[in-house]
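Dear colleague,

Please find below the structure for your files, with its sequence. A summary of the findings follows it.

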Amino acid sequence: MRKQKHNKNRDFDDPGLLQKVMQQLLEQISKRDQKIGWLNAENVAVQRTLTTQAAERERALTVQMTEQERILKAQLAEQERVFKAQIAERERSFKARMTEQSRSLKAQMTEREWIQKEELTAQKMEKEQALQTLSSQIAERNQALQTLSSQMMEKEQILSSIRTQLSGRNFELAEIKASKIWRLGLFIRRVRLAAFPPSSFQTRMARRVFNITVVPIMVIAKNIKSKKDLALLGASDLFDAGWYLDNNPDIAQKNIDPASHYLHYGGFQGRDPSPLFSSSSYLSTYSDVKEAGINPLIHFIKFGRSEGRSGAPIHASVNDNASGKNSSYYPRVTIVVPNFNHASYLEKRLSSIYNQSYKNYEVLLLDDCSSDRSRKILEEYQGRYPSITRCLFNEINSGSAFAQWKKGIENAKSELVWIAESDDFCDLDFLEKMVPSFADETVLLGYAHSVFVDENSQKHPFAFEHYLSEIDRYKWEASYVASAHNEVSSSLGLKNTIPNVSSVVFRRPKGNIPILNDQNWLKMKVCGDWLFYLNIIRGGRVAYCRETNNYYRIHQSSSSKKTHVQDVYYREHEIVACAIATLYKVSDELLFKNYLLLEKFYVNTVKGGDIQRFKSLFDIEKIRGCKSKRTPNILMGVFAFSFGGGEVFPIRLANVIKEKGGSVVILNGGFEPTHPKVRGMIHPQIPVINYDPTMDLNEIAKEYGVEITHSHHASMDRMLSVYVNSKHVTTMHGMYEMMEDFLNNTREFVRQIDHWFYTADKNLAPFRKYKIFSANNFTKMDNGMRIPEIHQADLSQYGIDENSFTICLATRALFDKGWFEAIESITIARKATGRDIHLLLIGEGPVYDKLKATQLPDYIHLLGFKSHLVDYFASSQIGFLPSYFKGESFPLVMIECFMAEKPVIASKIGEIPDMITTDDDRVGGALVKLHKGKVRPEDLASALIKMVNNKDYYQECVESVKILKNKFDLDSIAEKYLEVYRKLCIHSDGEA
């Protein structure tokens, strides 16, 4: 096999054989190519033949088609000619018929048109004549109606005067009937009737005798009564004849006796007899006196004082001359004009704003994506008054009137805000009359008399007085000022007695205001304004002004009217009623009266309305249940608006309580001069009463519905616990343990305090010593502050740069607060460390006054008072408190330093060791022991040198302070105070 294979391979190696094979293959390929060539030639010939045949057939077909097309075109042309001829003939015939008919119809129409035109002309003339007659009749009737309205108003005034006189006569008659003379006359009359018949001669004679004797006696008795009343006025210190004439120049000009005028006329007109008594307040508070027609001061002297009534102006305005044009009280007002599609009313609205006689204002023009030409008008007014006008336009409709209110309030920059709705208008002295009320720091909202007008600015038949008549017919006849507590209890808790926000001016709320962030309020359609007023006035007072007018436009197609038959109307009233029960101390009787008023409206408005349905919408039991959620009304007593922990802490606590929706009013004891920056710390919605010795503090508490008084100084503890009939709590800030004669100094009031809060265990020493301490009545409570927003102070102006090491000491500048020791310790530490160490001294007092007259080193900076201490601590490396003040308990300034996350070097006194130590025993700074009751500068310097040189130690202190920061957050501390307040009120009357 191998051999054969080898041989085979050798055959292929033979070149002759290969050549022969290759030649045979080439011959075969050549024959095949030749055959392919023949086949291609045959294909070409066949294709040529086919192409010739196809061209011939196409020519024949084209000739045939051309002939047929010519024949068809000829036939079509003939048919078209015949058809056109037929159409032309028919058109001529139709036109002829139409021409004839048109000629006939035109003739007929011309005749009818002429007849109808004549008839229409005659009818038009008759209608125009009738319209003119009707217009003249309407004008005459309008004039007659206006005359009648004025006559009715005059008659109503006359009638009111007659009613007053009649009430007075009735009162006098009641007194006469109760007198001995009347009883004697009645006895004589009975004897006369029995003895002498009415028509007898004897009767006529007796009548003459009666007229001659008894009638003069009755007249004399009336004169005697009048003289007695005049004598009462003369003897009372509440009537000041000179003051009455000075404040009523019309009486002085007519030379009328002031006492007689006040007795018979002035008291009923609301004129005050002196600055110590308010006639209008007495009559508005006690409507029974007004209805009886009794002079207010006479009633008070005879009956009111013994009955516990009061008509005295509880407290005066800060500025007694605030009502005058030349008053120094001239605050800026932000006027917010929220608009949506009121272009037709804007000119009148804006004209009444920009032409106000009071000129200190700015205007915010708002538009909620109007589709009319409103924006153009608003922009025109901005162009006219660019310095006082800002336009704030929405690009998307908010769908909420109250969202616009919120936007205006948040963009306002003034002390006062007036929301002037775009379709209303007002008198040009509106602000001039409204603003002076706010010189009284307790007034949070004022509103003016409203005149209801229609779309054409004409007086509406339904008047402001009609709207309020079911509550009180007389209250709104004169201006008044009332506490929110009394206003809600008498009127605003029954009905929205402020029907239009355009009549309202209020103090601008700042900070966290619950109502402005309430999403349910923003969605309200009916009662949102009422709910806003109830929130904004809480704790303060309301002022009503009758001397100027707001014109409230009532639209016939108003969407609010349509809601009267809808569930939302009554649901929103339930929301308001719940707010009244939650915010105010009101009786079940008032809530039930509110229910009855709305039920009556429901029955009269909703046709076929189901009372059970109404009760499900306005659930009186649910509303009553809301009373349990209410926080008590608090009077926060402050020693003075001065710089100090015991003065600043109650302000901060009051602010937090207010922002939590609580009712709080501050009483400033005024025992030290007011520092404007401390006064400026108070929330603008917290009313302030500046104490005056002539005040009746218990009457103030009644006016504001105060349930808890909370004081922070022994002087205020005594004042409030002795003179105010309410629950009283006090927070001790280190005073009592310093008293030399504790028992004598506190005997009058110490057992009047219902609950004591103490910040340091040492506060309890005198109470334990004299066995006054009881665990149930004492609660340990930290001081605190809210975690603030920090803006570092610029220290470069004092030559302090980023490489300096800065210490901040901020206290009252008292000798035992360690200022001198601090200065000396800085000098020691600078030499020991070689560092550029600086000391900031913040505060005022005797040491500050002494240092001002001293040449201090350039690294000691005497800054005086600073209101936002945390900013200065934040710009420093550490805080200093080298105090050896005996009353040092729980210094707030350390909390300020913690909030800036800076360590503190402080003396070991009071609660400072606990304050500076975390729960896991880490220390946020350094403690310096006292030696013989004082701090040694070298000990301070040693602690400071360690802080400066040991960066790790310093950082450990910083980390500890970050933990301490949250411990003193005032929000949680305020909740603990509120919990005690509630418990005291529950124990007092069973109601939170």
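Arg-624 counts as partly exposed because its relative accessibility is 27%; in this message, buried means under 20% relative accessible area, exposed means over 50%, and partly exposed lies in between (1.4 Å probe, protein chains only). The side chain of Arg-624 meets that of Glu-621 in a salt bridge, at 2.9 Å from N to O. A salt bridge here is a side-chain nitrogen of Lys or Arg within 4 Å of a carboxyl oxygen of Asp or Glu. Glu-621 and Arg-624 are separated by about one helical turn because they stand three residues apart in helix H23 (residues 620–625). Helices (H or I, at least four residues) and strands (E, at least two) are DSSP runs, numbered from the N terminus.

Before the remaining findings, please note the basis of the work. This is a predicted model, in which local features need pLDDT of at least 70 and side-chain atom pairs count only at pLDDT 80 or more, while totals for chains, interfaces and linings use all residues. Residues are numbered from 1 along each chain as its sequence is written, and side-chain values use heavy atoms, with hydrogens and water left out.

By the salt-bridge rule, the count comes to 36. Two of the pairs deserve a description here.

Glu-707 forms a salt bridge with Arg-630, with the closest N and O atoms 2.8 Å apart. This pair links distant parts of the chain, 77 residues apart: Glu-707 is in the loop between helix H26 (697–704) and strand S13 (708–711), and Arg-630 is in the loop between H23 and strand S10 (633–638). Glu-707 is buried, at a relative accessible area of 7%, and Arg-630 is buried as well, at 1% relative accessibility.

Lys-817 and Glu-888 also meet through their side chains in a salt bridge, at 2.7 Å from N to O. Here, too, distant parts of the chain are linked, 71 residues apart: Lys-817 is in the loop between strand S17 (805–810) and helix H30 (819–833), and Glu-888 is in the loop between strand S20 (878–881) and helix H33 (892–899). Lys-817 is buried, with a relative accessible area of 5%, and Glu-888 counts as buried at 6% relative accessibility.

Yours sincerely
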